[in-house]
Structure formats: C-alpha cells, structure tokens
Amino acid sequence: MREERCLPDSITRSNLDRSVPGGVLHVGNGTLCALVLLIFLLGCPLSEAQAGVDGFGPYPVRNFQPFQLLFLGMFGDRATVTPRHNLDVRIELANTASIFLEQSEEVGAQVKAETLRTGVFLRYGLTQGLEVGVEIPVLYRYQGFMEGLITFAERATTGIAPAREALTDVDYVFHVTKGENTLFSGTEGAFGLGDITLISKYQILDQGSVVPALSLRLGVKLPTGDEDEVLSSGHPDVGLGLALEKKLATRWIFHVNINGVFPTGEVSGLSLDPFFSSIVGAEYLWTPRLSLGLQFDYYSTPYAGTGINLLDQGVTELVAGFSYELRQDLLWQVYGVENVDFITGSAADFTLSTLVTFHFGS
C-alpha cells in the first residue's frame, strides 16, 4: 500500500405575511449535474502503472450549515495515516451560501448570508500508525457572491426557491428569534477566529485483499471563537469516529466515515444532545494523478426540540469534486456541496471549496 502523499437589513411583517403564510420556506435543490455526470460517464482502462494508485481520500467536508457549524465537525478523512515524522499542511477556502425563511406566531427565522471559512490544518505522523493534528479556522460572514449563480441554476432546473423569491430585495439578514427571545443575530462583516480543533487518528487495520483499512479518530473542539457573533458555541465538544477505506478493482476506492459528537453546555439557552454524522463516498481513479469523487453526507442535529426547523432537523447533502496531484508533494482538491432536501428546511444552500495540501517528509 502506498504511503499517503501530500497526499436586519430588516424584513417587514407585511412582507413576511405575504411571502410566508405561517409556514416554512426553504431552498429547493440546485444542481451538481455536470460534476455528477462527469464522474459516472468517464471511463477508460487503466494502465498497469495506474493499477497501483491508492487515491487521495474523501473530501474534508463537514456540516457548513451556520448554526451547526458552531460545533465540532469531524471532517471527511481517509483511513490511512500520515507516515511517521511526516507533516501535512492543508489550507482550505470554503464559501457557503445559506438562505432560510421560517415564520410563525412563535418563530421568526430570516437568514440570507454567505460564510467564508478559511481553515489551516496541520497533521503530523507521531509514530507508525498514529497521527495528531490541529485545525485553526477563520470565519467571515458577508453578503457573498454566489447569489447570481445559484439563482441561474435554480431558474434552469427546479425553479426559484420560495425563500429566495421572498428575500429578493434583501441583501443580508441573519436573525433567529423564538417568542420574545433573540437566539442568534450576526452582523454583516463579522470576522474572527473560529473554534480550534485538536484531532488524532490511529490506524487499527491495514488494507488487505479482503480487509479494509480502518482507523479510530478522536477530536476535541476548543471554544476560541466569538460566541456573540455566532462564530462559536462557547463550549468544548468531544468526538469519536471510525474511518474505513477499501480499494476495489483497479480504479474504485470507497470511503466511509462514522462519527459521534458530544457537545457540552448550552447555546443561546438551548439544550444540546449528542449528534451523529456519516460520509459514504466513492473515488474514481481517472489517471495516477487525478481522481473524481462523489459523496453522500448525513448530519443529525445537536439541538433538541426548539420548534425551529432549521435547528431541529438533520442535513442531507451530495458532494462532488476532483483531486489532482500537482506534484508529488502538492495536492489540489475542489468540491461542491449541494443540499439534496431529503430533509427540508435545515441544510445550507450550496458550498464551494478549494484546498491545497503540502506534504513534507519522505
């Protein structure tokens, strides 16, 4: 097996009453059709040299929904570990568009904003089979740039989502209330350090002809972000997970991540429950240096019975992208995340991410 390379603006009551007659509006599906079709339609025989390639792993996706991003995100990861005394440095830019509109006698939720998350992740092979890492994120919430692209995609496919139509004249809003209480309110231009994550991974099994590679993961989130600007939960979290990886035939690699996270404390007076996340993905080896990937992600929610759909419901998403090895010590990845609406009213609208990983070592 090959060693891993680098590898408010305000919204008036009258407008809401006309647009949302006592219910919930959520974003309909956009489209990742081009990337999905590319993954499944491309095909060619691999050379003998290509047959030995092990791929580059799943995309390090997490739940980018802004109110669930406050908690520990056990991002997508492969089962193999960084070789001993080797260092990987990953820099990721992920831009997420979110739009929610939920109105009733008790609930007022109006969100139209984009969040740019810049993450620097360092991982080091401490011993054979054990790596340790730290991720330092910086968050910026703003009006964003993807509105036109998303509107074009919706118009060409599913039609403009009701929430987007209702908020057409609103550039930015980030406000959630229940009764007389404001639960979340974030200002435009909010910028700051997010919650730092410490994470380790221990490889239990090496991949064999039948047995998959299997690793145990442990994560701890530190409350280093600004709670007032909705950049942090204000409390530590602990997570445990398993990562599984298996190559089939000469060009397909399958990845599975299963994680449980245990939040502590409360957020805006709301009680929290342990929550669960899972990733199931397939990676297709197009060439020794290029792979295409497709993943399905599910995230349950840490919130418990708030009566607000965007908090109480889980998230289901589809991820598609590519990984390209620019050189032996430099990996470039791009992926998009689309809400597939198996659960409605809770997922972020769309995320576009690009990242590079530098590998230092043998």
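Ser300 is placed in the loop between strand E13 (290-299) and helix H6 (309-312). Helices (H or I, at least four residues) and strands (E, at least two) are DSSP runs, numbered from the N terminus.

With a relative accessibility of 15%, Ser300 counts as buried; buried means under 20% relative accessible area, exposed over 50%, and partly exposed in between (1.4 Å probe, protein chains only). Not counting residues up to four places away in sequence, Ser300 touches Gln68, Phe275, Phe276 and Gly314, where contact means heavy atoms within 4.5 Å.

## Basis and confidence of the model

Residues are numbered from 1 along each chain as its sequence is written, and side-chain values use heavy atoms, with hydrogens and water left out. Because this is a predicted model, local features need pLDDT of at least 70 and side-chain atom pairs count only at pLDDT 80 or more, while totals for chains, interfaces and linings use all residues.

The protein chain averages a pLDDT of 87, and 85% of the residues score at least 70; pLDDT is the predictor's confidence in each residue, from 0 to 100. Over residues 1-52 pLDDT stays under 50, and the model has 139 contacts beyond four places in sequence for this segment. Where pLDDT is low, the predicted coordinates should not be read in detail.

## Two further side chains that reach backbone nitrogens

Glu131 belongs to strand E4 and is buried, with a relative accessible area of 3%. The side chain of Glu131 reaches the backbone nitrogen of Thr82 at 2.7 Å. In sequence Glu131 and Thr82 are 49 residues apart, yet their C-alpha atoms are 6.1 Å apart in space. Beyond four places in sequence, the contacts of Glu131 include Asp77, Val81, Arg123, Tyr124 and Ile199.

Thr316 is found in strand E14 (residues 315-327) and, at 4% relative accessibility, counts as buried. A polar atom of the Thr316 side chain lies 3.3 Å from the backbone nitrogen of Phe342. Among the residues in contact with Thr316, leaving aside neighbours within four places in sequence, are Phe296, Tyr298, Glu338, Val340 and Phe342.

## Aromatic pairs and charges over rings

Rings of Phe, Tyr and Trp (its six-membered ring) pair if their centres lie within 6.5 Å; planes under 30 degrees apart count as stacked, over 60 as edge-to-face and the rest as tilted. By this rule the count comes to 15 aromatic pairs. One of them joins Tyr140 and Phe191: the ring centres are 6.3 Å apart and the planes lie at 70°, so the pair is edge-to-face. Tyr140 lies in strand E4 (residues 130-142) and Phe191 in strand E7 (residues 191-193), so this pair ties together parts that are 51 residues apart in sequence. Tyr140 is partly exposed at 30% relative accessible area, whereas Phe191 is exposed at 60%.

Ring pairs also link Phe67, Phe71, Phe174, Phe184, Phe275 and Tyr303 into a cluster. The charged end of Arg141 sits over the ring of Phe174, 4.1 Å from its centre. A charge sits over a ring if NZ of Lys or CZ of Arg is within 6 Å of the ring centre and within 35 degrees of the ring normal. Arg217 lies over the face of Phe75, at 5.2 Å from the ring centre.

## The two sides of helix H4

In helix H4 (residues 147-156), Ile150, Thr151, Ala153 and Glu154 are buried. Seen down the axis of H4, these buried residues fall within an arc of 165°, so they line one face of the helix; the arc is that of the directions from the helix axis to the C-beta atoms. What covers them includes strand E2 (87-103), helix H5 (162-166) and strand E16 (350-360). On the other side of H4, Leu149, Phe152, Arg155 and Ala156 are exposed.

## Positive phi in two loops

Most residues other than glycine have a negative phi. Ala249, in the loop between strand E10 (237-248) and strand E11 (252-263), has a positive phi near 55° and is exposed, with a relative accessible area of 69%. Ser268, in the loop between E11 and strand E12 (275-287), also has a positive phi, near 55°, and is partly exposed at 36%.

Methods. A polar contact is a pair of N or O atoms within 3.5 Å; within protein, one must be able to donate a hydrogen and the other to accept it, and residues adjacent in sequence count only if both atoms are side-chain atoms.
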